[in-house]
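Grab a pencil and have a look at the chain below. A few exercises follow, each with its solution worked out.

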Amino acid sequence: QVQLVESGGGLVQAGDSLRLSCAASGITFSSNVMGWYRQTPGKQRELVARIRPGGTTNYADSVKGRFAISRDNAKNTVYLQMNNLKPEDTAVYYCGAGAGCLVGACGYWGQGTQVTVTS
């Protein structure tokens, strides 16, 4: 049974930082593309960042230079370091796993964690 469990969300002020974590089980973590996506009410889920098994990363233009995705294969965990947060970063953040993450269709999803940024 595959499980992706996100943590680290919260309520912060603009300019603050947060680090999200996603602990995976039930998959061969080191072989999987891992991604962070976010969604706000009434909008489609959008890519924030993804990381391939070899470490290659991709970012949405809106977060380049502020966010960093990383993975620890020994801990089966993917991280999203978010710096200089802005109110427009407010969303539910989801962790995804699988090759489908390359096209926004991850095979597995976590339950999501809320990030709220106030001005």
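This is a predicted model: local features need pLDDT of at least 70, side-chain atom pairs count only at pLDDT 80 or more; totals for chains, interfaces and linings use all residues.

**Exercise 1. Work out the strand order of the four-stranded open sheet and find its edges.**

Step 1: start with the order, which reads S1-S3-S8-S7, with antiparallel pairing.
Step 2: look for strands that pair on one side only; these are S1, residues 3–7, and S7, residues 67–72.
Step 3: check the twist, which averages 15 degrees from one strand to the next.
Step 4: zoom in on S7 and S8 (residues 77–82), an antiparallel pair held by six bridges. For Ala 68, the bridge partner in S8 is Gln 81.

**Exercise 2. Decide whether Ile 69 is buried or exposed, and list what it touches.**

Step 1: compare its relative accessibility with the cut-off. Buried means under 20%, and Ile 69 comes in at 7%, so it counts as buried.
Step 2: collect the contacts, skipping residues up to four places away in sequence. Ile 69 then touches Met 34, Trp 36, Ala 49, Arg 50, Ile 51, Thr 57, Tyr 59, Val 78, Tyr 79 and Leu 80.

**Exercise 3. Find the disulfides of the whole structure and work out their pattern.**

Step 1: run the search over everything, and two disulfides turn up.
Step 2: take Cys 22 and Cys 95, whose sulfur atoms are 2.1 Å apart. The angle about this S-S bond is -75 degrees, a left-handed link. Cys 22 belongs to strand S3 (residues 18–25) and Cys 95 to strand S9 (residues 91–97), so the bond ties together parts 73 residues apart in sequence.
Step 3: now the other pair, Cys 101 and Cys 106, with sulfur atoms 2.0 Å apart. Here the S-S torsion is about 125 degrees, so this disulfide is right-handed.
Step 4: count the bonded cysteines along the chain, and the pattern comes out as 1-2, 3-4.

**Exercise 4. Sort the bonded cysteines: buried or exposed?**

Step 1: for the left-handed link, Cys 22 has a relative accessible area of 0% and is buried. Cys 95 is buried too, at 0%.
Step 2: for the right-handed one, Cys 101 is buried at 0%, and Cys 106 counts as buried at 8%.

Methods: Residues are numbered from 1 along each chain as its sequence is written. Side-chain values use heavy atoms; hydrogens and water are left out. Two strands pair if DSSP finds at least two bridges between them. Helices (H or I, at least four residues) and strands (E, at least two) are DSSP runs, numbered from the N terminus. Axes are lines fitted to C-alpha atoms, for helices over the stretch in contact, and angles run from 0 to 180 degrees between N-to-C directions. Buried means under 20% relative accessible area, exposed over 50%, partly exposed in between (1.4 Å probe, protein chains only). Contact means heavy atoms within 4.5 Å. A disulfide is a pair of cysteine sulfur atoms within 2.5 Å.
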